[in-house]
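Reader: I am new to this structure and would like to learn how to read it. Please take me through a few features, one at a time.

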2 protein chains.
Amino acid sequence: METVVNNQSRRDFIKYSAAIGAGIVLWSPALATEKGMKMNNYVKTEGYAVFDTSGVFKPWKFERRPVGDNDVLIDIKFASICHSDIHQMKGHWGPQQYPQVPGHEIAGIVSAVGKNVTKFKVGDRAGVGCMVDGCTTCENEEQYQSDTLFTYGYPDKREPTGISQGGYSKQIVVRDHYVVHIPDSLELKEAAPLLCAGITTYSPIMRADFKKGDKVAVAGIGGLGHMAVKFAVSRGAEVYAFTTTADKAEDIKGFGAKEVIVVDDTKKLYTYAGQMDYMICTIPYQYDVAAYASVVKPYGFYTQVGMPVGFEITLNALGLSASRVNFNASLIGGMKETQEVVDYCAENKIYPKIEIIKAEEITEAWKKVENKEARYRYVIDSATI
Amino acid sequence: METVVNNQSRRDFIKYSAAIGAGIVLWSPALATEKGMKMNNYVKTEGYAVFDTSGVFKPWKFERRPVGDNDVLIDIKFASICHSDIHQMKGHWGPQQYPQVPGHEIAGIVSAVGKNVTKFKVGDRAGVGCMVDGCTTCENEEQYQSDTLFTYGYPDKREPTGISQGGYSKQIVVRDHYVVHIPDSLELKEAAPLLCAGITTYSPIMRADFKKGDKVAVAGIGGLGHMAVKFAVSRGAEVYAFTTTADKAEDIKGFGAKEVIVVDDTKKLYTYAGQMDYMICTIPYQYDVAAYASVVKPYGFYTQVGMPVGFEITLNALGLSASRVNFNASLIGGMKETQEVVDYCAENKIYPKIEIIKAEEITEAWKKVENKEARYRYVIDSATI
């Protein structure tokens with residue numbers, strides 16, 4: 001990948017930075033001025049950031065990198081809260097740089113485009129997910145490339161803060177390849193959760209080898225899980241939803257599930273031993289994988305999409321052998337698929353169940369997500385930032 | 001399953017035991033006498049047992065259950081040492097009853113048969129693996145049935161010691177369905193390791209979807225791994241052997257591996273990223289699953305057969321997603337396959353690399369297995385017990 005930044009390639013810039021400083025030099029407005037760039041190329045914006053691992057948000061003014069020739073500037077209208085935001089910001093996946101603005105489920109309106117951009121024009125409805133730059137020639141698996149720039153917390157020397165900053169803010173600058181179109185029939189507030197919760201469940205469910213009438217299990221019915229139920233139902237599956245929260249049962253039936261199993265004891269899982277044609281699990285914490293895997297038919301497939309603390313999952317190899325299940329994990333989806341899921345939801349009238357909140361309510365909303373009180377996605381109205 | 005024991009079904013017997021005692025009543029010669037059974041029906045034998053979790057062996061005289069109408073009595077000639085023996089006896093898989101005689105790689109000569117047995121006659125060459133009783137009508141997956149009786153340490157009220165006792169001994173009583181024939185062209189000492197190390201690797205390798213010339217990775221080259229290399233080679237694969245023991249390299253090439261990779265740093269694995277069509281891993285301890293999985297082609301398969309402490313394997317879900325690999329686990333094989341592997345090895349002249357030891361050397365041999373000094377299977381000469 002060769003990203004052009006003000007006629008200086010990213011690679012050259014990294015080389016240059018290394019040459020003038022000791023090791024990693026963070027890009028800063030001051031440095032930019034020294035190099036003859038104009039301060040006013042930077043995008044002044046504001047957002048809600050965390051300043052440590054506490055999960056407490058405060059308003060924060062910051063600058064983003066200039067809109068490059070292949071970039072799109074988006075006025076964010078809505079950004080939703082993903083459990084991954086919490087894990088990453090609290091350091092569950094490694095130490096973070098603060099202040100940091102999370103958020104990778106973003107919907108808004110294009111307000112500027114670089115001179116090479118043909119895919120978008122000012123005024124277009126646009127969505128951004130977990131990636132903002134990287135390979136532009138990949139066959140739909142950008143998320144697994146080594147040079148992918150994820151939406152927040154990833155080192156990016158072009159950024160005044162030294163890292164990418166996410167969607168709990170008013171504007172964002174994104175490489176055009178990493179922006180999707182949002183059809184007119186889809187409300188922006190309902191499009192936002194599709195950019196992570198949607199694509200993360202859509203991708204493996206569409207790839208899974210099940211037929212109409214097959215039994216599909218979904219474990220963990222939160223932001224991701226409730227979309228998984230809807231996608232599997234839309235493919236004609238008989239959906240069995242496994243949740244630990246009894247009072248979600250009625251909602252889940254409303255999403256189209258045939259049966260809701262409240263797993264207050266893992267023994268309950270064995271009642272369904274070997275019955276499911278496929279299983280997708282969104283649980284973002286350690287849990288008893290082998291017990292859940294037991295519900296899948298021998299030699300069937302089981303996909304983990306929830307990413308736990310440290311990304312670590314401990315499983316019982318003997319239990320897994322007994323179920324003879326193929327366990328795999330899936331990370332979001334490529335850009336082609338991300339456009340697909342948004343279009344699929346528009347065409348099939350599949351919408352996430354959301355609750356709009358103000359920016360000042362984010363801290364509280366995170367606590368509710370952790371306490372399994374979200375029903376099912378909190379969406380931040382960016383006008384309140 | 002209804003196993004007949006002296007005209008009394010096992011199920012009835014368990015019921016009866018519960019009725020006369022408090023909860024579980026261990027079968028004892030005294031109890032047997034009370035119930036009118038003859039003491040001399042019990043098979044007096046001797047073996048080498050552990051008496052606690054220390055892994056220290058001492059000679060031990062004990063009795064086995066009478067030879068039932070469907071049973072075979074085998075004079076054991078050779079029994080080999082499996083890493084699982086060590087895990088189970090040291091309590092790594094849960095607390096054990098002692099004294100206990102381990103050993104589930106057994107080869108010998110039939111010395112008596114029950115009146116219903118037609119599959120064997122006295123003088124037949126016979127092998128016994130990890131199971132000694134259970135379902136007799138299963139479609140080749142006896143090992144996954146709930147009523148399977150494993151070869152040692154499993155409660156069995158018919159046994160004078162209350163549990164099954166394994167093959168580090170001079171005789172064993174086994175249900176006929178769980179005994180395999182050993183062809184004349186296979187030496188008994190070389191047949192023994194096939195009953196666990198052989199079947200455990202043969203079963204998934206034969207089931208794996210790879211073609212002649214495909215690249216197959218084998219990780220962990222001990223008793224199981226060296227057989228895995230030979231089986232994969234016999235199927236025409238290009239075999240890549242991953243070991244942590246540099247001085248095994250020459251041996252492993254001798255087994256037919258195309259390349260031996262000494263994994264002294266997991267970073268080495270990334271050199272082979274996405275290259276292998278299939279992988280089988282025999283490592284019986286915690287290890288970095290995602291790093292090993294990275295060598296498999298996206299959407300390929302990876303089978304774990306080594307069973308670690310507590311059966312627990314911790315894997316990095318993000319790493320697993322990046323490799324897009326299907327991770328599964330496999331436990332030995334069914335009885336039909338167990339006969340198959342013995343016949344396959346005889347036909348294809350595939351033999352384990354063994355070292356014969358005396359019974360008094362078992363304690364020391366276990367230490368060598370743990371220290372990765374075994375080359376590659378210790379086989380106990382039962383004449384020395």
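Author: Start with a contact, meaning heavy atoms within 4.5 Å. Ala197(B), Gly198(B), Thr200(B), Thr201(B), Tyr202(B) and Ile205(B) of H5(B) touch Gly223(B), Leu224(B), Met227(B), Ala228(B), Phe231(B) and Ala232(B) of H6(B). By type, the residues of this contact are eight nonpolar, four polar and no charged. Here Ala, Val, Leu, Ile, Met, Phe, Trp, Tyr, Cys and Pro count as nonpolar, Asp, Glu, Lys and Arg as charged, and the others, Gly among them, as polar.

Author: A word on origin: this is a predicted model, in which local features need pLDDT of at least 70 and side-chain atom pairs pLDDT 80 or more, while totals for chains, interfaces and linings use all residues; side-chain values use heavy atoms, without hydrogens and water. Residues are numbered from 1 along each chain as its sequence is written, and chains are lettered from A and ligands numbered from 1 in the order in which they are written.

Reader: At what angle do the axes of H5(B) and H6(B) cross?

Author: Axes are lines fitted to C-alpha atoms, for helices over the stretch in contact, with angles from 0 to 180 degrees between N-to-C directions. Helices are DSSP runs (H or I, at least four residues) and strands likewise (E, at least two), numbered from the N terminus. The axes of H5 (residues 197–207) and H6 (residues 223–234) of chain B come within 8 Å and cross at roughly 45 degrees. H5(B) and H6(B) are therefore oblique to each other (under 35 degrees is roughly parallel, over 145 roughly antiparallel, 65 to 115 roughly perpendicular, the rest oblique).

Reader: Which residues of helix H12 of chain A are buried?

Author: Buried means under 20% relative accessible area, exposed over 50%, partly exposed in between (1.4 Å probe, protein chains only). In H12 (residues 362–370) of chain A, Ile362(A), Thr363(A), Ala365(A), Trp366(A) and Val369(A) are buried. They fall within an arc of 160 degrees seen down the axis, so they line one face of H12(A); the arc is that of the directions from the helix axis to the C-beta atoms. An α-helix has 3.6 residues a turn, so residues three or four places apart point the same way.

Reader: What covers the buried residues of H12(A)?

Author: The cover includes strands S3 (43–50), S4 (57–64), S19 (354–357) and S20 (377–381) and helix H3 (83–89) of chain A. Just after H12(A), Lys372(A) has a positive phi of about 60 degrees.

Reader: How many helices and strands does chain A have?

Author: Chain A has twelve helices and 20 strands. Of its 385 residues, 60% are buried.
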